[in-house]
Amino acid sequence: MIKRPWSTPLAACMLLVLCGCSSVPTPPPRATPPPLEETAGLHVVTPPPPTTPRPEGPGPLNRAEGTTIATRFDVPQGYVRIAQPEGSFGAFLQQTALAASGTKAAYYDGHEKVEADYDAVVDMAVPKRDSFHAAHALMRMQALYLYAQGRYDDISFTFLSGFEFEFSRWRAGEIISVSGQSVIWTPGGKAETTLENLEAYLATAYLYTNLATLSKGLYSISVKEMSVGDVFYRDANPAHAAIIVDMAENPTTGQRVFILAQGFSTAQPMQVIKNPESWELSPWFEDDLATGIQAPGAIFESAHLYRMEAIVPRPSAQP
């Protein structure tokens, strides 16, 4: 039998190379995508348009040189700040002293707050324990105002136990002794009416009060009645509170806007909160409460609007 030169495997491979052939199959051409009109009826996922991130830092209505609420925040264009009667709680709140612009809020233990949900920090000291929360921020503003007016006997808070904690007895030199639910007055305090002694009184009040006790001194009002010094309060899911510290009105449309300040569930200074829906308008909120006010910790609605009885006595019941 005669062997042909190309009958061996090596010879066969050399012949294929010399002939320019290849045993590897050529891949088929890549499929061309159908024209857009042929995709009609198919589920085509369209990516959402890019969103513009909220600018960092204070909004355009924030004046860095301002040292109070009324001087730190300009009113929106077309609005006029609602003047408060001299000596009123509203005027007192508008003049609340603020820490320098850019000050970072810090917790009671010194750690800096991470959340940037505020436009300003109230200039105040916080107790060195986790005992200053949303209710206490409102209690403090109420007490400071009454103190500034010389209404010392009107400064009083009810403990969870029902004990009435009166500043009039504290400034007379009495302190309290607490054993379980039992609270009694006893000698041993400072008989003075200084601001320092008031702060000591408040630090004690914070330990035995909360939003539930604060609510005992509130009564409901309508949005039309809303004014500086009124508060938003909800008793559950979640319980929270904030106070209106300034207001402005558009004289043409009658639209009103307001600024809120509040405390938090972890002790830290009271803060003027941001409007999370509008960087340009912040810290002002519009008084249209149909969709609620988004505050750090809760959403407030018209049903959550109240007034402090210690500031404005509850209206007498109609006969």
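Two rings of Phe, Tyr or Trp count as a pair if their centres lie within 6.5 Å, taking the six-membered ring for Trp. Keep that in mind for the first view of this predicted model.

**View 1. Aromatic rings gather in a cluster.** By that rule, the structure holds 19 aromatic pairs. One aromatic cluster is made up of F157, F159, F163, F165, F167, W170, W185, Y201 and Y208. To describe any pair of rings, you give the distance of the centres and the angle of the planes.

**View 2. Strands β5 and β6 make a hairpin.** Here β5 (residues 174-179) and β6 (residues 182-187) run antiparallel, joined by six bridges. Look across from I176 and you'll find W185 of β6 standing opposite; W185 also belongs to the aromatic cluster. Two residues sit between the strands, and G180 in the turn has a positive phi of about 65 degrees.

**View 3. Helix α4 is largely enclosed by the rest of the structure, since 14 of its 15 residues are buried.** This helix covers residues 134-148 and reaches 22 Å from its first C-alpha to its last, close to the expected 21 Å. Just past the end of α4, G150 takes a positive phi of about 75 degrees.

**View 4. S88 sits in a loop between β1 and α3.** Is S88 buried or exposed? Its relative accessibility is 17%, so S88 counts as buried, because the cut-off for buried is under 20%. A polar atom of the S88 side chain lies 2.6 Å from the backbone oxygen of P85.

**View 5. K113 lies over the face of F264.** The distance from K113 to the ring centre is 3.6 Å.

How values were computed:
Residues numbered from 1 in each chain as written. Predicted model: local features only at pLDDT ≥ 70, side-chain atom pairs only at ≥ 80, totals over all residues. Heavy atoms only, no water. Pairing = 2+ DSSP bridges. Helix = DSSP H or I, 4+ residues; strand = E, 2+ residues; numbered from the N terminus. Expected span 1.5 Å × (residues − 1). Buried < 20%, exposed > 50% of the residue type's maximum accessible area, 1.4 Å probe, protein only. Polar contact = N/O pair within 3.5 Å; in protein donor to acceptor, adjacent residues only side chain to side chain. Phe/Tyr/Trp six-rings, centres within 6.5 Å; stacked < 30°, edge-to-face > 60°. Lys NZ or Arg CZ within 6 Å of the ring centre and 35° of its normal.
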